[in-house]
Amino acid sequence: MSVLVNVIVMLGMLVVVPAGLRLMDAVELASIRRIWPAFAVPGALALWLPRSTPAAVLATVYALGTLALAVQAPRRLARTHSLAPAEIAQLTALVTPSVAGLALVAERSGHELFGFSLPILALTVPHFHFAGFTAALVAGLVCRATAGRAGRFAALSVPLGTLLVLAGYFLDDWAELLGALVLTAGMWTVALLTWRDVRTGGRDRFTRTLLAVSAAVLVATMLLALSWALGEATGLPHPNLTWMAATHGLGNALGFALCSVLAWRRLKETTV
């Protein structure tokens, strides 16, 4: 499982996050977009080293990059003075990688942060790259593109669901299940709007295919997330973490996140 998780995290660090940052039209992000590889490459290297001081130092470099990104959220808020649903989603996308960065430092140093086991910390890293950064980013983009109640619901429920899942880490499995329900509702709304509205506005077949894949994958991967959260809360049979990484994690990374940022990049290029 560790090899698969590392590959998924590398995809987030080196491809999805920088591609996603290019989709945010914000002057305050220009400098961090340029220097992002200086943070991401050490973070990616840290994944493949044994837990040790060198691995923790490299992870800290990446964590500093995620903190620099999080600092842009209040700067953006000060510039826009807006708490519209799409803006809340974008602010969430800026902040959530810092949770992944903190978890990565703790896991690479072998420290069970807040009492969480090292495997849980390792899985927190991809979760807050994809269910955090990418999900919130795409929800905000969909909200702007569709301009309706469903879009606003998605833009608000994805950040709220992510926050509730994080709170569930500290409370109990039932709180985490509530977060999974809210997040799933938001992501399924993103999938519906992507399929029904955004996809039909695609300028070419490849872009429409990317959007279709991202929407279809979300339906399956979020169903898996719900089954896992329900099983953890109730004791009902559910997939184990290895199976979740191979299905939910890989599907979200490749089918949802990568396809989404590529499709939205192509949509942005056709409107410039």
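Figure 1. What you see here is a predicted model, so local features need pLDDT of at least 70 and side-chain atom pairs count only at pLDDT 80 or more, while totals for chains, interfaces and linings use all residues. Residues are numbered from 1 along each chain as its sequence is written, and side-chain values use heavy atoms, with hydrogens and water left out. Leu29 sits in the loop between α1 and α2 (helices are DSSP runs of H or I with at least four residues, numbered from the N terminus). Setting aside residues up to four places away in sequence, Leu29 touches Leu21, Met24, Leu69, Gln72 and Leu94 (contact means heavy atoms within 4.5 Å). Leu29 and Ala73 are 44 residues apart along the chain, and their C-alpha atoms are separated by 9.9 Å.

Figure 2. Trp36 belongs to helix α2 (residues 30–48) and Tyr62 to helix α3 (residues 53–80), so the pair ties together parts that are 26 residues apart in sequence. Both Trp36 and Tyr62 are buried.

**Figure 3. Five rings join up in a cluster.** Move on to Phe114, Phe116, Phe128, Tyr169 and Phe170, and you'll find ring pairs linking them into a cluster. Tyr169 turns up again in the largest pocket, as one of the residues nearest its centre.

**Figure 4. The largest pocket has a lining of 34 residues.** Leu123, His127, Tyr169, Trp228 and His248 lie nearest the centre of this pocket (a pocket is an open set of points on a 1 Å grid where a 1.4 Å probe fits, with protein on both sides within 12 Å along at least five of seven lines; lining residues have an atom within 4 Å of a point). Helix α6 gives the largest share of the lining, 8 residues. The helices that each supply at least two lining residues are α1 (2–21), α6, α7 (149–170), α8 (173–198), α9 (205–234) and α10 (241–271).

**Figure 5. Helix α4 is largely enclosed by the rest of the structure.** How many residues of helix α4 (residues 85–95) are buried? The count is 9 of the 11, which is why the helix is described as largely enclosed. The buried ones are Pro85, Ala86, Glu87, Ala89, Gln90, Leu91, Thr92, Ala93 and Leu94. They pack against α1, α3, α5 (97–109), α6 and α7.

Figure 6. Thr134 is part of helix α6 (residues 118–146), and at 0% relative accessibility it counts as buried. Leaving out residues up to four places away in sequence, Thr134 touches Val16, His129, Phe256, Ala257 and Val261. Gly161 sits in helix α7 and is also buried, at 0% relative accessibility. With that same cut-off of four places, Gly161 touches Gly179, Val182 and Leu183. From Gly161 to Gly231 there are 70 residues in sequence and 18 Å in space, C-alpha to C-alpha. Thr194, in helix α8, has a relative accessibility of 3% and counts as buried. Apart from neighbours within four places, Thr194 is in contact with Val142, Arg199, Leu211, Ser214 and Ala215.

Figure 7. Most residues other than glycine have a negative phi. His81 has a phi near 50°, a positive value in a residue that isn't glycine. His81 is in the loop between α3 and α4. Is His81 buried or exposed? With a relative accessible area of 70%, His81 is exposed. Ala147 isn't a glycine either, yet it has a positive phi of about 50°. Its loop runs between α6 and α7, and at 63% relative accessibility Ala147 counts as exposed.

Terms used:
Buried means under 20% relative accessible area, exposed over 50%, partly exposed in between (1.4 Å probe, protein chains only). Rings of Phe, Tyr and Trp (its six-membered ring) pair if their centres lie within 6.5 Å; planes under 30 degrees apart count as stacked, over 60 as edge-to-face and the rest as tilted.
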